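Let's walk through this structure together, one element at a time. Have the viewer open and follow along.

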Amino acid sequence: SSFAERALESALRVLPALPRALLVSRLPDDWTARLRRLRCVALDAHHEALSREVVARAHGEGFRVVTYTVNDAARAAVPRAWGLDCVLTDAIDTIRP
């Protein structure tokens, strides 16, 4: 995954079979178009950029959704309830898989 779309474009050109994910802190309006253009398998977004609707739309279009960096167990429970694929955390002692 990368914030840099140019890096993802290069990866696509050099290693097209390599799974890619677009990493964002804020969700751009055209996020699904970017994921398709870059042939990403996932959206990796800051937890505050996600909603139940975003997760559902991503899944409906065939993308996985990962969120970062959630270190509060109560906050981690919210996107998990939305069907999120993965929560990245530094708090591995309190947030369990």
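A residue is called buried here if its relative accessible area is under 20%, exposed if over 50%, and partly exposed in between (1.4 Å probe, protein chains only). Helices (H or I, at least four residues) and strands (E, at least two) are DSSP runs, numbered from the N terminus. This is a predicted model, in which local features need pLDDT of at least 70 and side-chain atom pairs count only at pLDDT 80 or more, while totals for chains, interfaces and linings use all residues. Residues are numbered from 1 along each chain as its sequence is written, and side-chain values use heavy atoms, with hydrogens and water left out.

Let's begin with helix 1. On the face turned away from its buried side, helix 1 carries the exposed residues Arg-6, Arg-13 and Val-14. Its buried residues, in the stretch 5–14, are Glu-5, Leu-8, Ala-11 and Leu-12. These four sit on the same side of helix 1 because they cover an arc of only 115 degrees around the axis, the arc being that of the directions from the helix axis to the C-beta atoms. What do the buried residues of helix 1 pack against? Their partners are strand 1 (21–24) and helix 2 (31–37), where contact means heavy atoms within 4.5 Å.

Side chains of opposite charge can pair when their charged atoms come close. A salt bridge is counted when a side-chain nitrogen of Lys or Arg lies within 4 Å of a carboxyl oxygen of Asp or Glu, and a search of the whole structure finds six of them. One of them joins Glu-5 to Arg-34, with the closest N and O atoms 2.7 Å apart. That pair links distant parts of the chain, since Glu-5 belongs to helix 1 and Arg-34 to helix 2, 29 residues apart. Glu-5 counts as buried at 18% relative accessibility, whereas Arg-34 is partly exposed at 25%.

Another salt bridge connects Glu-9 with Arg-37, again with the closest N and O atoms 2.7 Å apart. Here too distant parts of the chain are linked: Glu-9 is in helix 1 and Arg-37 in helix 2, 28 residues apart. Glu-9 is partly exposed, with a relative accessibility of 30%, and Arg-37 is partly exposed at 42%. Arg-34 has a further partner in Asp-30, and the closest N and O atoms of this salt bridge are 2.7 Å apart. Asp-30 counts as partly exposed at 35% relative accessibility.

Strands of a sheet pair through backbone hydrogen bonds, either parallel or antiparallel. In this model an open sheet of four strands has the order 1-2-3-4, with parallel pairing; two strands pair if DSSP finds at least two bridges between them. Strand 1 and strand 4 (86–87) are the edge strands, each pairing on one side only.

Strand 1 runs parallel to strand 2, and four bridges join them; within this pairing, Leu-23 has Asp-44 of strand 2 as its bridge partner. In strand 1, Ala-21 and Leu-23 point one way and Leu-22 and Val-24 the other, and all are buried. Together, strand 1, helix 2 and strand 2 make a right-handed β-α-β unit. Right-handed means that, with the strands pointing away from the viewer, the path from the first strand over the helix to the second runs clockwise.

Moving along, strand 2 (residues 42–46) is joined to strand 3 by five bridges, and these two strands run parallel.

A search of the whole structure finds one aromatic pair (ring centres of Phe, Tyr and Trp, with its six-membered ring, within 6.5 Å; planes under 30 degrees apart are stacked, over 60 edge-to-face, the rest tilted). The rings of Phe-3 and Tyr-68 have centres 6.4 Å apart and planes at 85 degrees, so the pair is edge-to-face. Because Phe-3 lies in the segment before helix 1 and Tyr-68 in strand 3 (residues 64–68), the pair ties together parts that are 65 residues apart in sequence. Phe-3 is exposed, with a relative accessible area of 52%, while Tyr-68 is buried at 14%.
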